[in-house]
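Biologist: I'm new to this one. Can you walk me through it?

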Amino acid sequence: MERSTFVYDGDCAFCTRCAEFIERRIPTGARVVPWQFADLDALGLTAAECEEAVQWVGADGSRAAGPDAIAKLFGASGPLWRVAGAGLRLPPVRAVAWPVYRLVARNRHRLPGGTAACSLPQEARERLYGPAGRRATGV
């Protein structure tokens, strides 16, 4: 793979807003892509992994999830963001980052920009909105 990829949940408005922030404010050479439109097989990811947490697949094949993926994204960005990424990898910070990440992930539908669809498992989202995130007809 010639370019690192950061994968997020494109059906979640909160996650999409965060991805838009990354694209606008964080200078990175990584692709930032919703998992629903990514070639998961080529990335070596599963839908279940992507539903669980954001994912990082490095150009070198390295992988990370959740706050570790965010740390990798920061590490592949501009100088100030690299410092933030290094800080996120420090053992005491990392020990707190995972529980905080899980708390945010469980409650993302309640956060600014979140929607009710953010709290649904992918299977339920597809039943209601179809595979591309559009509301299914006849529902």
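Modeller: Here is a short tour, from the overall fold down to single contacts. The model is predicted, with local features needing pLDDT of at least 70, side-chain atom pairs counting only at pLDDT 80 or more, and totals for chains, interfaces and linings using all residues. Residues are numbered from 1 along each chain as its sequence is written, and side-chain values use heavy atoms, leaving out hydrogens and water.

Biologist: How many helices and strands are there in the protein?

Modeller: The protein has 7 helices and 4 strands. Helices (H or I, at least four residues) and strands (E, at least two) are DSSP runs, numbered from the N terminus. Along the sequence the pattern reads β-α-β-α-α-β-β-α-α-α-α.

Biologist: In what order do the strands sit in the sheet?

Modeller: The order is β2-β1-β3-β4, in an open sheet with mixed pairing. Strands pair if DSSP finds at least two bridges between them. The edge strands are β2 and β4 (63-65), each pairing on one side only. From one strand to the next, the twist averages 20°.

Biologist: Which way do the pairs of β1 run, parallel or antiparallel?

Modeller: β1 pairs with β2 (residues 31-34) in the parallel sense, over 4 bridges. With β3 (residues 55-57), β1 pairs in the antiparallel sense, over 3 bridges. V7 stands opposite V33 in β2. F6 has W56 in β3 as its bridge partner.

Biologist: And where do the β1 side chains point?

Modeller: T5 and V7 point one way from β1 (residues 5-8), F6 and Y8 the other. All are buried, meaning under 20% relative accessible area; exposed is over 50% and partly exposed in between (1.4 Å probe, protein chains only). In a regular strand the side chains alternate between the two faces of the sheet.

Biologist: How much of the protein is buried?

Modeller: Buried residues make up 37% of the 139 residues.

Biologist: New topic. Which helices have axes that cross at roughly 80°?

Modeller: The axes of α5 (residues 79-89) and α6 (residues 91-106) do, and they come within 5 Å. Axes are lines fitted to C-alpha atoms, for helices over the stretch in contact, and angles run from 0 to 180 degrees between N-to-C directions. The two helices are therefore roughly perpendicular; that label covers 65 to 115 degrees, with under 35 roughly parallel, over 145 roughly antiparallel and the rest oblique.

Biologist: Which residues make that contact?

Modeller: G87, L88 and R89 of α5 meet P91, V93, R94 and A97 of α6. Contact means heavy atoms within 4.5 Å.

Biologist: Last one. Why does A47 count as partly exposed?

Modeller: Because its relative accessibility is 31%. A47 lies in α3 (residues 47-52). Not counting residues up to four places away in sequence, A47 touches W35 and L40.

Biologist: How far apart are A47 and D9?

Modeller: They are 38 residues apart in sequence and 9.9 Å apart in space, C-alpha to C-alpha.
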